Amino acid sequence: MPLSAYATPFVRLALANITREYPNFPAHLISAPDEQHRPGALHPAFYGAYDWHSSVHMHWLLVRLLRRHGDTPALADTAPVIGALDRHLTPDNLAAEAAYLRDRPSFERPYGWAWLIALAAECRAYEGAAGARWAEVLTPAVATVDRLLADWLPKATYPVRHGNHPNSAFALGLVLDAGELPTTTTQAVRERLLAWFADDHDAPAHWEPSGQDFLSPALTEADAMRRVLSRERFAQWLDRFLPALRSGAPCPLLDVPVVSDRADPHIGHLLGLALSRAAALRSIAGALPDGPVRARLTDSAEAHLAAGLPAVERGDFTTDHWLATFAALALER
């Protein structure tokens with residue numbers, strides 16, 4: 001099923017989210033009793049969708065849908081989307097967001113940083129005056145993330161490997177896909193991924209998933225290495241990293257996760273795991289030659305996608321505020 005089939009409901013969902021200020025889960029340290037802490041004051045551009053990173057990637061989703069399907073019947077009315085983005089992505093709003101990031105160097109590191117870079121890249125790729133306008137106002141925030149990333153990478157001796165937001169491989173993979181940062185930073189990202197993961201082998205796939213994962217530690221790592229190795233070297237690396245794939249032995253990474261309570265915000269992360277796994281499995285399969293491993297990954301990706309897609313819009317804000325983004329990643333890989 002192509003993303004165009006979901007364009008209208010995903011736009012409706014994203015618009016509702018980015019303009020919804022409450023409920024909100026701000027990752028903000030209050031340091032004084034009279035400090036302003038209303039989400040709209042702290043984050044004039046990205047105040048909605050429950051938390052900052054979800055707001056950023058729901059903005060990304062809107063621009064992505066505009067760019068890919070804005071001139072097709074799948075997305076008949078683009079005016080509300082452009083209007084909402086114009087209200088949020090203004091020079092003053094993004095200057096405030098950039099200042100917030102500069103003042104708090106670990107805020108949303110690295111997940112939110114990566115989505116901001118991805119949003120800027122999507123705006124730049126969107127042809128027309130609106131895309132150029134949004135890309136331009138995002139420039140100060142992108143420059144801020146570039147500096148923060150360049151400062152952090154040399155200190156990041158060890159990667160974060162768990163299946164939630166701080167996961168190192170997922171975020172840096174998004175950064176590489178965006179192609180928005182200077183060559184020096186991009187090269188530093190590639191070198192850090194290789195330093196972290198090039199020698200990995202025999203990943204403990206039987207440990208996955210954890211109870212609130214929305215990312216697979218093993219698959220996000222493999223997908224990141226796909227981006228920095230040649231096809232031949234990647235196939236060799238993957239054989240060492242997940243030997244069960246070639247041997248045909250059972251591999252829990254290929255089994256669709258069981259979600260016992262979809263309304264629970266943490267257990268509900270596993271719905272996102274199905275979609276993020278689908279995206280990673282499709283990408284990894286696409287980097288491999290035809291054969292049993294590629295077929296096995298592709299079959300598993302389709303099963304994960306079929307399990308995750310029906311949960312994207314349920315009328316429950318705990319999942320509705322973020323799942324559509326991961327559905328878009330899975331559908332377009």
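A residue counts as buried when its relative accessible area is under 20%, and as partly exposed between that value and 50%. By this cut-off Arg 227, with a relative accessible area of 15%, is buried. The model is predicted.

- Asp 177 and Arg 227 meet through their side chains in a salt bridge, with an N to O distance of 2.7 Å.
- Asp 177 belongs to helix H8 and Arg 227 to helix H10, so this pair ties together parts that are 50 residues apart in sequence.
- Asp 177 counts as partly exposed, at 44% relative accessibility, whereas Arg 227 is buried at 15%.

- Asp 200 forms a salt bridge with Arg 161, and their closest N and O atoms are 3.0 Å apart.
- Because Asp 200 lies in the loop between helix H9 (183-197) and helix H10 (217-228), and Arg 161 in the loop between helix H7 (129-152) and helix H8 (168-178), the pair ties together parts that are 39 residues apart in sequence.
- Asp 200 has a relative accessible area of 15% and is buried, while Arg 161, at 38%, is partly exposed.
- Glu 21 forms a salt bridge with Arg 38, the closest N and O atoms being 2.9 Å apart.
- Both Glu 21 and Arg 38 lie in the loop between helix H1 (7-18) and helix H2 (39-42), so the bridge ties together parts that are 17 residues apart in sequence.
- Glu 21 counts as buried at 16% relative accessibility, and Arg 38 is partly exposed at 39%.

**Salt-bridge network**

- A network of salt bridges links Arg 64, Arg 67, Arg 68, Glu 122 and Glu 332.

**Packing of helices H3 and H4**

- Two packed helices are described by the angle between their axes and the distance between the axes.
- Helix H3 (residues 52-69) packs with helix H4 (residues 79-88) at an angle of about 135°, and their axes are 11 Å apart.
- This angle makes H3 oblique to H4.
- The crossing of H3 past H4 is left-handed.
- On the H3 side the contact is made by His 59, Leu 62, Val 63 and Leu 66, and on the H4 side by Val 81, Ile 82, Leu 85 and His 88.
- Of the residues in the contact of H3 with H4, six are nonpolar, two are polar and none is charged.

Key:
Residues numbered from 1 in each chain as written. Predicted model: local features only at pLDDT ≥ 70, side-chain atom pairs only at ≥ 80, totals over all residues. Heavy atoms only, no water. Salt bridge = Lys/Arg side-chain N within 4 Å of Asp/Glu carboxyl O. Helix = DSSP H or I, 4+ residues; strand = E, 2+ residues; numbered from the N terminus. Buried < 20%, exposed > 50% of the residue type's maximum accessible area, 1.4 Å probe, protein only. Axes fitted to C-alpha atoms, helices over the stretch in contact; angles between N-to-C directions. Parallel < 35°, antiparallel > 145°, perpendicular 65-115°, else oblique. Left-handed = near helix turned anticlockwise from the far one by under 90°. Contact = heavy atoms within 4.5 Å. Nonpolar A, V, L, I, M, F, W, Y, C, P; charged D, E, K, R; others polar.
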